[in-house]
Amino acid sequence: MDIHKLVRENIRRLKPYSSARSEFRGEASVYLDANENPMNAPYNRYPDPLQEDLKAKIAKLKGVRPSQIMLGVGSDEPIDLVIRIFCEPRQDNIVAIEPTYGMYQVCADINHVEYRKALLNPDYTLDAERLLAAADGHTKVIFLCSPNNPSGNLLDRDAMRQVVKGFGGIVVIDEAYVDFSSEPSWLTELERYPNLIVLQTFSKAWGLASVRCGMAFAAEEITGYFNRVKYPYNLNLLTQQFVSEQLDRASQTQEWVACLLARRAELAAELALIPRVQKVYPSDANFLLVKVTDANALYEELVSRGIIVRNRNHISLCAGCLRITVGTEAENAALISALKD
């Protein structure tokens, strides 16, 4: 597959902004090239635009090459960049499963790109043929979220492979919740599929949602376009340093994940005993999709008690459902107590 043919013509021709820190790479004793204030080191200096030190640590952890990584402000930045790089406004379209993470459509709408929805089956499984049938000659990108949000389930790997192999454009697999699942990441498939982009984040398992650091993994041809189109200093020095420090505590993250998985099972079992709960859907994420009687009223009752869950009653295939994040032991107990009342 020639990735370059999928890229918008103006992006292929784009001459990227050349910052002072991209023109000179290395160490020096005197920096007089970037009009920086010479006081207040190290925060007076512009950060590494390509985050090379941080990428090297992530690459070692994830088993990929640093050149296969793009780091963004959460996963939302690479989602937006994918559409800006590959989709011509008012001409091309993207296809995504439904229900799923809402930011795909928001980014499509912002970029004036048609967004097509392919419904999952009622049990939230993927129908690959239905998804591919929604695409046409102007479909440039397909989004798959697995484990999916808000349903919480992993999509069938064989069905996903059918999409990746059968589609002639870019396939984005969003793995924001992969650390909570039992299946391996699609990072192991990067070398096999040049049209594959895998998204991951530090917001969930790593507990760094406020730090805003997301990862996109892809072939060098794709990450090269990411680096040309993104703003040069998208990740500040504080974020790069803090995330790097957290990577040295990977064992702590594994302990958190194990704890949350145990609490997820406990919470699901307790919710199943509540009279107003009709169904607790299986989850491979750090949340549960729960079908209840009168979701809107129950949501408001919980709000009145200071307990905030996510009302998904208005989402396709999620009528009557609330999405409940697995919290601390005390938070989960407060939720169960309120539901029993």
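Predicted model: local features only at pLDDT ≥ 70, side-chain atom pairs only at ≥ 80, totals over all residues.
The account begins with strand S4, which spans residues 139-145. Seven of its seven residues are buried. Strand S4 is therefore largely enclosed by the rest of the structure. Two strands pair with S4. Strand S2, residues 93-98, runs parallel to S4, and four bridges join the two. Strand S5, residues 170-174, also pairs with S4 in the parallel sense, here over five bridges. Val95 stands opposite Ile142. Ile142 in turn stands opposite Val171 of S5.

Packing between helices is considered next. Two packed helices are described by the angle between their axes and the distance between the axes. Helix H3 covers residues 52-62, and helix H9 covers residues 237-247. Their axes come within 10 Å and cross at roughly 30°. Angles under 35 degrees count as roughly parallel, so H3 is roughly parallel to H9. The crossing of H3 past H9 is left-handed. On the H3 side, the contact involves Leu54, Lys57, Ile58 and Leu61. These meet Gln240, Val243, Ser244 and Leu247 of H9. By class, the contact residues of H3 and H9 comprise five nonpolar, two polar and one charged.

The second contact joins helix H4, residues 76-86, to helix H8. Here the axes lie 10 Å apart, and the packing angle is about 100°. Angles of 65 to 115 degrees count as roughly perpendicular, so H4 is roughly perpendicular to H8. H4 contributes Pro78, Leu81, Val82, Arg84, Ile85 and Phe86. Their partners in H8 are Ile222, Tyr225, Phe226 and Val229. The contact of H4 with H8 contains nine nonpolar residues, no polar ones and one charged.

Is Ala219 buried or exposed? The relative accessible area of Ala219 is 13%. The cut-off for buried is under 20%, so Ala219 is buried. Ala219 can also be located relative to Arg192. The two are 27 residues apart in sequence. In space, their C-alpha atoms are 9.9 Å apart.

Conventions:
Residues numbered from 1 in each chain as written. Heavy atoms only, no water. Buried < 20%, exposed > 50% of the residue type's maximum accessible area, 1.4 Å probe, protein only. Axes fitted to C-alpha atoms, helices over the stretch in contact; angles between N-to-C directions. Parallel < 35°, antiparallel > 145°, perpendicular 65-115°, else oblique. Left-handed = near helix turned anticlockwise from the far one by under 90°. Contact = heavy atoms within 4.5 Å. Nonpolar A, V, L, I, M, F, W, Y, C, P; charged D, E, K, R; others polar. Pairing = 2+ DSSP bridges.
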